[in-house]
Amino acid sequence: MKAQEIKLNDRKRAYNAALLCLLIYIAYIGASFAVNSFLFNHVYDVYLIMLVICAAFFRVRSYLIFIAISQAINLLLTIFVLPDYASGDVWLHFSLMLSGSVILFVVMYFAANKSVEVDRAFASFGALMKITPSVLILVNEDNKIKYLSQSVRRVLNISEPESFVGRNFLELFNEDSVKELFAETVKKRSFSENYQKITINEQVKTFDVFADNMSDNAKDGMFFMLNDVSEIVRLKELAEQDSLMDSLVQVPNRRSFDRRILHEWNRALREKVNLSFLMMDIDFFKKYNDTYGHRQGDELLKVAGRVFKKSLKRSTDFVARIGGEEFAVLLYATNSYQANVIAEQIRRAIEDEVILTSGGEKTKFTISIGVVTLIPNVDMECGHIVDVADKALYNAKQNGRNRVWVADSV
């Protein structure tokens, strides 16, 4: 509704201006006849001035109408009046006036089109800034705010963004750590960082932050863009966790294990502490599967996973399913004796576990465990500890299963 009112007001103003200029032009002609022929000789100059005034105030259509009417009057004057009052080639004057009118019309037409394009661009920019989730801040060379996007209401929890215009943009933030971050950014005049953790109103959020000068001239100021990606990061982390978890047994999978063993290996290498590794395999799992079915076999794997997690007490202890019925345990800063004790506890807990089939039959199962403990050194790779544990597991199976076999040397 407001846009229509503005449009009507602009049109009314243009028509009034056109009518005023036309009346002034006609009045000038009349006055010229009444006073003297010298004044009338300058009617062309006044007409061109009128054209410039009209070009500044008229719309294209109004300007075209004014040219048509005034040139019709000029043509009549040229044919019937000017030969008696004016000197020189009146047709040349008329041609020049007509040419000037057309040139001004063309200039005005293209200027009006460009003006409309600019207005539309600013309107689109304004609409975009109202709906964009990103925070856009424009500051001058003194770091005082020139513009704030409406998204600061939601992202920065600022109820009246307009009140910050003209103030230092660091006042947008309450936390000292955030002020220090952006104060440093202001000094550099350029900054780009993905997944930057920022505390906003005592709540930690994740932002993509970008800042740069508006142009090569520092006086043009700079702009900051903060894109809140907290929800994206949260969903990404959830997806990452899902991709690292065995969906059946609900323990980390092989991909997670490969990451963790590399991390623990490097940590033990730096700190020169023991790293113990347990390779565990369910005894006669294929036979159990064939006897009771795959669904019952899946239930056995779930029970095994629960027992393994329950048997590990420290937050640094890590268990993962690395194959069909194979599991691995990493024990950071754990010596050989402690690793052997933990392995025996796991073996006995599994041995005591009873699984009921769908028909109510009680079933049991056992595991074999290979144990290795070492202090990593630069001449080893983390795969070495896996190879040694695998050989120890083989010895446990060869010597009757349902037992723990500790590797003698590494």
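Student: Which residue just after α7 takes a positive phi?

Tutor: Arg189, with a phi of about 65°. Keep in mind that this is a predicted model.

Student: OK, and α7 itself: what length does it reach, and what is expected at 1.5 Å a residue?

Tutor: Helix α7 covers residues 176–188 and reaches 19 Å from its first C-alpha to its last. That is close to the 18 Å expected.

Student: Which residues of α7 are buried?

Tutor: Val178, Phe182, Thr185 and Val186. Seen down the axis of α7, they fall within an arc of 100°, so they line one face of the helix. Asp176, Glu180, Lys187 and Lys188 are exposed on the other side.

Student: What covers the buried residues of α7?

Tutor: The cover includes strands β3 (191–200), β4 (203–213) and β5 (222–228).

Student: Switching to α9. Which of its residues are buried?

Tutor: Ser256, Phe257, Ile261, Glu264, Trp265, Arg267 and Ala268. They fall within an arc of 170° down the axis of α9, so they too line one face. Among the elements covering them are β6 (275–282) and α13 (383–398).

Student: Last one. At what angle do α10 and α11 cross?

Tutor: Roughly 135°, with the axes coming within 7 Å. That makes α10 oblique to α11.

Student: Which residues make the contact?

Tutor: From α10, Phe285, Tyr288, Asn289 and Tyr292. From α11, His294, Gln296, Gly297, Leu300 and Leu301. By class, the contact has five nonpolar, four polar and no charged residues.

Note on methods:
Residues numbered from 1 in each chain as written. Predicted model: local features only at pLDDT ≥ 70, side-chain atom pairs only at ≥ 80, totals over all residues. Heavy atoms only, no water. Axes fitted to C-alpha atoms, helices over the stretch in contact; angles between N-to-C directions. Helix = DSSP H or I, 4+ residues; strand = E, 2+ residues; numbered from the N terminus. Parallel < 35°, antiparallel > 145°, perpendicular 65-115°, else oblique. Contact = heavy atoms within 4.5 Å. Nonpolar A, V, L, I, M, F, W, Y, C, P; charged D, E, K, R; others polar. Buried < 20%, exposed > 50% of the residue type's maximum accessible area, 1.4 Å probe, protein only. Arc of directions from axis to C-beta. Expected span 1.5 Å × (residues − 1).
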